[in-house]
Every structure is written in C-alpha cells, then in structure tokens.
Amino acid sequence: MARRGWLLLAPWWRGPVLLARQPGVAVALGVAAVVVALPAAASSLFLSSTGSATLLARTASVCPATIGSQVIAPEQPVDASSVPALDAAVAEEATAAAKVADLGAPTVTLVSSEVTVATAAGRTGVNIAGRDDLAGHVQLVAGGPGPGLWLPDRFATAGGLQPGDTLMIFPSAGIWIPDPTGQSPNGLREVDEPTAVPVVAIYRDLRDRSDDAFWCSLSQLYRGEPAQESGTPGQDKPILDLVLADRATMLSVASRAHILTGLRVERAPARTDLTAPEATRLASDVTAMHAGLRMRLATVGNLDGTRVAYHTAMPGFAGRASLIEKDLRGTVLPISVAGLLVGLLVVMAASVFWVRRRGRELVVLATFGATARWLGVKAALEVWPALAVGSVGGWGLAGFLVARVGPSSVVSHDARVQSLLAASIAFLAAVTVLGVTAGVACRSLTGAPPVSRSRRRLTVLPWELAILLAAAVYWFAGGGQYMVRLGDVLGTMVQIPAKLLVVPMLVMVGLGVLGARLVVTAMRRRARTGTASRSAARLLYARRVRHAVVAAAALALITAVPVALAVYGGTATKSVRATLAAQARLGTGSDVVVHLAEPAAVPPALAGRATPVLRLDFVHIADKQVSLLVVDPATFARDAYWDDRLDDATLAQVLHALKSAPAGTLPAVASAPIAGGAATMAFGADPPIAVSITSVATLPAQRGGYPVIIVDRGALTGLGVAAGSSIIAQASPQLWVRGDPARTRALIDGSNLKISYLAVADDRYVNTFYQPVTYTFAYLAALSLLTGIVAMVGFLLYLESRLPVLRRGFVMLRMMGLSTTTQGWLLLGELTAPLVTGCAIGLGLAVTAVLVMRDQLNVDPGALPGTVLSIPWPVMAGLLAVVGLFAAVVALVTHWRLTRSRVGEVLRDVD
C-alpha cells in the first residue's frame, strides 16, 4: 500500500463516529472532560462571585442612599424667593443623574434641625423633615394625611397634642426680614414671633420600630448620635424627636415659620445585584456627576453652592470588592489547578484504557504502517466529540455550582467570557493529553524500538518524591500563621498561607502516586514468585487481577486523590465556619443579644430560649476594670453560648460556684486575669461589695480585652446593700436569646419590647477581613463534589478496558464448572476492590492532613475558643455510599451481560 495509505482505511476516517459503538466509553470520556473543564471554568466565576458577595454584604449593612448619590445643601433661610433656587437645584441634579446608569429614582428631603417648639409641657427642641410618600413608611396612630405636621406618639403624649391641635414653631436665630414699621435703622428686624402650624396625624415613634430603609439616611435625626443612643457617661445632649411632613407642607412651614432648612437629594443604586466591575463603573460615573454638579450648582441663585456636600461610598465599596477578587486568586487558582490536574489524570487513565480496549484494531493499523504518534492522533480524533460535549457540560456545571454553593450567584459578563475561554483551553489540553498518552501507550503495539536502558532507569525513578519535596519547601516557606495585609483605604484582608492548601494537596497527591507505584511493584514481584491455591478458578482470578494490576492501581489512585481532597476540603470548610461561629457566639454571648431601652421580662414568645442579663461596664475589682454580668444562673447556663473545651466543664458546672460563699460576701465567677479568692467590687462612688471569686480562663461576651465577672442576681439583691440596688438600677438590661436570628427578630417585633439594638452573632464577622477566607474554603468544598464523578468515571473506564477479558474468563470458568453465583461474587470483588481501596486510602490521607493542619484552621488565632474541628461525616458517607452503590449496580449489570455471552463467539474472540 502507498505510503500513508493506511490513512484511507475506514477505521481512520470514520474515527469520530466509532466511539458511538461504545456508549460506556463515550460517557466516561465525556464525564472526564467535565472533571477537566469544571475547575478551569469555575475559577473566574467564583472570583467574580466573591467580589459580588463582598459588595452585597457591605452595601446591605449601610443605608442605600450612602452608596448611591447624596447631594446635601446646607440649612439656610427659606422664603418665596429661594423656592425657585431649590427647584433649580433638584432639576440640575436630575439632569446630571439621567446620564448615570444603575442609579435609582431621587428622594428629595427638606430638613430643619434643632427647631424650638412650644407645647403644654414647655419649650423643647425637635427636628423637622419634609419627605414625600411618608404615609407608607410610618405606623399611623391617629389622624391622617393632610396639610400639616405628623408628630411622634411619645412627643404628642408628653406635649398633650392630638390631631387638630396646633404646634407653635419659633423661628431660627439670626433671620432678619423687612420691618414694615420703618423703625429699624437698616429697615430690617429679627424675627422672634412663633408660627402656629396644624397637627394632622400622630405616628408611632420610629425609635420603637425596626429601622426602615426609607428613613435610614435620617436616622441620626430620631436616634441621635451613637454616643447618645448608648448612653455613654458624660453625654447629656438629648435625642430630639422627629416631626414629619410632606415636602410641599414642609416648604410652606419653613417659609412661614422662618426656620433654617437644608435640601437633600438622595439616590440609591437601582440594582442590588451589582458586580464588582459594574460597581466600579457606577462609582466612576457618580464621581463624575458630582464634579459636574459642583460647577453648575455654584451658579444657582439664592443657593450657596460652594457649601453643597456630595457623598458616595460606592468607590470604596467597589475597590474593596475588586481587592477581594484580586487577592483571592492566590488561593483559588491553586485549588483550580489541583482540580484540573486531577481531571487530566483521569483523561490519561482514559487514554490507557482506550488503548487496552482497542488493542487488536490498533495492531492491525500498525501493520499497515501507522506509527505510535499517528495512533495517538487517531485516539484524539476519535474521542474529541465526547470530550467537547463534556467540556460544554463542565462549563455549564461550573456556572450552576457557583450560583448554588458560591458566595453569590451574581457574576460579571467578563467572568463568564473568561470562564468560557478557560473551558476551551481545558478541552484542548484534554485532547492533547489523551493523544500524547495514547501515543506513548501504543509504542509496544507498533514495533517501536525498545527504550534504552538509561531511559528505563529514568522511568523507574520515584519522581513523585519531587512532589513531596515541593510540599516540604512550601511548608517551611509558607509561614506559620495567617498573614494580615493592610489595604490602605480599602481595609485589611487575611491571606491564607500556602501551607494550608497547597501543602496538603501536594502531600496527598505525592503519597497517592508513591503508594500506587509500590503496590504495582509488590504485585508484580508476587506474580513472578507464583502462588498456590486450592481452587483453580480462584487461581485464575488471582492471576487475572495481578495481570491488570496497573489498571487497578490507576483506578485506586484516581479515586484516592479526589476522595482525600474532598474530605480535607469539606473538613477545612466546615471547621473554619464552625470556629468562626463559635468565636462570634462566645464574643457576643449568644445567638442574639437584645439590648433593651428599658428593663423588661422575657416575653412569652421567647420563653425557654431567652435569659435576662444586666450588664454594667466600668466596674473595678482591685485595680482592674471588668464588665459585670448579673444573671439567672439556671437560664443563663441554658441560653448563653459555651464550649466545654474552654474550661473542661459545662457552663452549668462553671456557674455552680455561684451557689456558695462565706457569709456576707457575694459569690462570683470571673475570667482571667482576675485571680480567685476574696476581693472587693466597686462601681463609682457606691459602697464596695465583698466578693468571693472563682477564676476561669474565659467567659462569654468579653469586650475590649476586659475580663468578665458573673454574679447571681438573687444573691446580689439578697445582700440588701445600696450598692447592689444601684448596680441593678444602672446596668443595661439585655436578653440573650438562643436560636435562629431571623425567627428571633420576628418574635421580638411582635413582643412590643423597647429595644435599642440587636447584636447578632452571625453578623460579627460580616464585612470584616475574615469573611473572604470563608469564601476560599467554600470554593474548595464546591470542587470537592467532583469526588463522586471522578470515582465513577474511573470505574467505567476500568470496566470497559477489562470487559473482553472478563467475558472470556467468565465463559472459561463456567466451562470448568464454577457456578454463576460464585462468579458474580468474584466479579464484584474484582471490580470494586480498587474502588474500595482508593476510598480507604483517600480517607486516611485526608484525616491525617486534617490532624496535622488543625491549628492552621483557626482564622482568628487570638480569639477563643480554638479550632473547632468539624468533619462532615454525613456528607462524606453519603457521597461514598452513592459511589459504592453505583459500582455495585454496574457490577451486577455487567455480570448479567456476561451471563448472556455466547461460548462460540467468545472463543472466536468476537467482542
């Protein structure tokens, strides 16, 4: 035949459709391509998801207007001549905002702060705000909409006011108007007469309700500054009540009553699902918009444009999100590369199995002149459709996984394009690796010259030791603790050391490959020495297993490595989250801590899951400042968070010391460094109290590094001293609630409790530099889902490569008298042994890695408790059960297929 004439043979030019005759191999190769493409495609999507999650977490915790656009004109006198200037400023802002995409509708507010009014109780100060659509964002108590003022119920009750009454408003100081009498030397007089304004409605005070986003930008007008709200000693400035009106009424009131009034035009982002690039563009557009307004508003008449303030927090938030995306690459990309290498390992195994399955056909092609290289090309051409379909599926699955288990389902368009490009490159890599591996495996079929002795020596060298050496280098160069890098105005971020992720991966892969090599070597030596067996059938089976030891070892390896990575990844993810949750709950005190504005009993809705606590800071034990918690020991031990490892005891056992003390002294439990024994407790000028202290390492709700001391409320009041009563009167009342925060919020809203604020443990690490670390481990956990896929693909490929041998062996052993049932059990053992061995090895490697790296799983080493090791046994058991069930079902189906084999066809070696 002419040179290269074999290229015209049907098995060559029909290569891309030949794989359809072997659907099992096609499915296995397609899924192998999924394993290759998924981690490659997921990395860019996940990084974009982390940026979106960071942005959403930060924007959700602040007022929407502050992250959009705020144009705030200073307070100034308002009269008929200044109204057009205010309208012109609003129109200019609308014109400028129309050019900015993703910016919402405007909210226009007129504000007059610290206005003096007169009621039956005397003169007092209030804040007045005029905003449209207020009726839908307050709880009406009496009256209704109309031209006039809306008063908060507390203020109305104190002033004896109701709808239909009038409120006397005094003008702001320093406002001069023309003097109609002409008696003033300059023709002007200072206004001092009050103006009567009708009251049309009474609404429930906004301080008695959960904050509404509609009012968030005005919260300081009714909640006051943080120092006022928390009642810090020395802060005696009262929190003023907030009087409301619609914007038109407010404009009329301000001009008639001669009160200084400021203008606010605020816009929140139109969308909450912005990606980091979209947020960056919005920040740039808003900044440019403000720059243009700064020039145009300076020319608006009767408006001091030079004092107008422009604000947006979006540049900082967008920069933070971009920083997270950038800095997480150092940990996300190694995980993706590890997943990609595992996938390519499966593809390499697939190519070897393909050569074994198509051996006779390849030998025929070799006799017509096909070289090993061209046979490798044939392998690539034959399997590329399956790999292409699998790559597309991997790309789609990557998007699905990131959307379902990633930090956020929102990813940028650029990330999707990069994901598609990465999946395409992964497909090309898979085709190339399969072709090259198949070409190498075909050398023995084409009569290629034998490998030289020197090259054979190189092949037997334990190259996997280089992987372990690289792990050792990373171990000593990766640092021992988490590194905190300052990010200037964008905040700080915790970076994960390479030793936490890269080292375990390298060690597990290296040990897995080394173990496979040792097993193959041992089995081959045992085959050469020979074995004895009382059963000829079992002897033939043993010889067949040893003959396929390389394929079995490959299956065990591609099962062990993903299982090890999955168990380690799942354990690391769950342990990091459990540790952060434990630290947050110990620092907060419980799942939710309700800070009350006034003392209240536990409402019936929270009975059985809430304990009352009185907290008083600035208490002194000897020369040390401590925080005092006055509790009910029985319910406190039930509802406060505690980890028994903190003191090798339960919280109830720790609080048992509150039951006994010398006569005349108060029993107490204090955290280090407060020493145990007799001491005196003092607060301000109150008489000191003698206490008998039991010291423990730590207690819940420690703040600012100050120790905590816990006393029994009953014992404190039982002393009958003035100091105890004073402490109870001055302490801040709290409710510590155990359970789901969302359900707790709902129950609190329906309990009519007067609350100052809620402290939720789950929010403790939100928007901190620790949060992105959890994103990384979430990605590691997501890719761990590949474990089952890899194991099942390897099993299918192993089965397809062994099917001809299994068919011939089944017929021969049946002719020798071995029953079908016995052959079924032997077949099940032969097929599943590598899978079971791989799972066992993977679990052993993962558990060892977790125990070695345990201390490194503590994201915040300075916080207590230490690492909370949490192994997801149910998930892993379920995953291994699915893989095992799949293997058993496939083995049974294969056995059924073997029972239908025809002896004549098998003996003629017709597959």
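Asp639 and Arg738 form a salt bridge (a side-chain nitrogen of Lys or Arg within 4 Å of a carboxyl oxygen of Asp or Glu), with their closest N and O atoms 3.2 Å apart. The pair links distant parts of the chain, since Asp639 lies in helix α21 (residues 633-639) and Arg738 in the loop between β22 (732-737) and α25 (741-749), 99 residues apart; helices (H or I, at least four residues) and strands (E, at least two) are DSSP runs numbered from the N terminus. Asp639 is buried, at 1% relative accessible area, whereas Arg738 is partly exposed, at 33%, where buried means under 20%, exposed over 50% and partly exposed in between (1.4 Å probe, protein chains only).

This is a predicted model, in which local features need pLDDT of at least 70 and side-chain atom pairs count only at pLDDT 80 or more, while totals for chains, interfaces and linings use all residues. Residues are numbered from 1 along each chain as its sequence is written, and side-chain values use heavy atoms, with hydrogens and water left out.

The whole structure holds 17 salt bridges. In one of them, Asp205 meets Arg207 with the closest N and O atoms 2.9 Å apart; Asp205 is buried, with a relative accessible area of 2%, and Arg207 is buried as well, with 14%.

Another salt bridge joins the side chains of Arg271 and Glu278 at 3.1 Å, N to O, and Arg271 counts as partly exposed, at 29% relative accessibility.

Turning to helix α14 (residues 372-405), we find Leu381 there, a residue that is partly exposed, with a relative accessible area of 37%.
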